Amino acid sequence: MGEELEEVILPIPAIDILEGKVVRLEKGDYQKVEVFSTSPLLVARKWEEEGAPFLHVVDLEGAKSGYPVNFPVIKELIQTVGIPVEVGGGIREVSSFMGYLDAGAERVVLSSIVVKNPSVFEEMMKIAREKIVVSIDTRDQFVSLEGWREEIPVKAADLAKDLKGKGIEHFIFTDVQRDGTLQGVRVEVIRDFIAESGVSIIVAGGISHKEDIRKIKSLGEGVEGIILGKALYTGQLNFKEVCSILREE
């Protein structure tokens, strides 16, 4: 993915899009929306200028409705910035998957479809397994689907282990109960998931302070990246400081 991604743990700004605006939700609740910008493109350029090696873009309306509502905006974003972009939200058909790959997405983030429509997921794996990131959204160790509105009796670690066996290499682990709350990470929950599943993850959910970055870094090789959301937008975390912490010996 290029020399710019040689950081041990990648700091990845999140750009969550709702009605064409950059927003953050609290615990995935669409009734608790905070708008930070009316231009996802300007926000993407800002993070690129600050040295972000990767961007994580989510179509929140897509996650809720089941198809990529904000595709035109996201396609323009991907094709404007010079850094890799991973995209999620409502990608439940092969055509949507291919659409983002054709638009230039480095990775496509899948969640609900992995469990709810395994035959379509199998097709996607045949097309570009190496481009897939599976987002395992977790509440009390169990998997949460459909924009976190549905809980299923499947343990998150078991799902990850199964998918690793099928050749999936990239996973996002989101602690739903902390996402967008600025309450800090529950490092023990992350550590247990890595130990039980045997997969390396990109961590998301609740990252609020420099100490959170250090805690996640202490987990070592089990972590590939950290998705940074609300704390960046409120100024509670400074992106360049995060990069410095991740580079510390």
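Me: In which sense do strands β4 and β5 pair?
Reply: This is a predicted model, in which local features need pLDDT of at least 70, side-chain atom pairs count only at pLDDT 80 or more, and totals for chains, interfaces and linings use all residues. Residues are numbered from 1 along each chain as its sequence is written, and side-chain values use heavy atoms, with hydrogens and water left out. Helices (H or I, at least four residues) and strands (E, at least two) are DSSP runs numbered from the N terminus, and two strands pair if DSSP finds at least two bridges between them. Four bridges link β4 (residues 55–59) to β5, and the sense is parallel.

Me: Which residue of β6 is the bridge partner of Gly 88?
Reply: β5 is joined to β6 (residues 107–110) by three bridges, and the two run parallel. In β6 the partner of Gly 88 is Val 109.

Me: Is the β-α-β unit of β5, α4 and β6 right-handed or left-handed?
Reply: A crossover is right-handed if, with the strands pointing away from the viewer, the path from the first strand over the helix to the second runs clockwise. The helix here is α4 (residues 94–103). The unit is right-handed.

Me: Which residues of β5 point the other way from Val 85 and Val 87?
Reply: In a regular strand the side chains alternate between the two faces of the sheet. In β5 (residues 85–88), all four residues are buried (under 20% relative accessible area; exposed is over 50%, partly exposed in between; 1.4 Å probe, protein chains only). Val 85 and Val 87 share one direction; the other is taken by Glu 86 and Gly 88.

Me: What arc do the buried residues of helix α9 cover around the axis?
Reply: In α9 (residues 210–217), Asp 212, Ile 213 and Ile 216 are buried. They lie on the same side of α9, because their arc (that of the directions from the helix axis to the C-beta atoms) is only 100°.

Me: How many residues apart in sequence are Glu 34 and Lys 230?
Reply: Their side chains form a salt bridge (a side-chain nitrogen of Lys or Arg within 4 Å of a carboxyl oxygen of Asp or Glu), at 3.5 Å from N to O. Glu 34 lies in β3 (residues 29–37) and Lys 230 in α10 (residues 230–234), so the bridge ties together parts whose separation is 196 residues.
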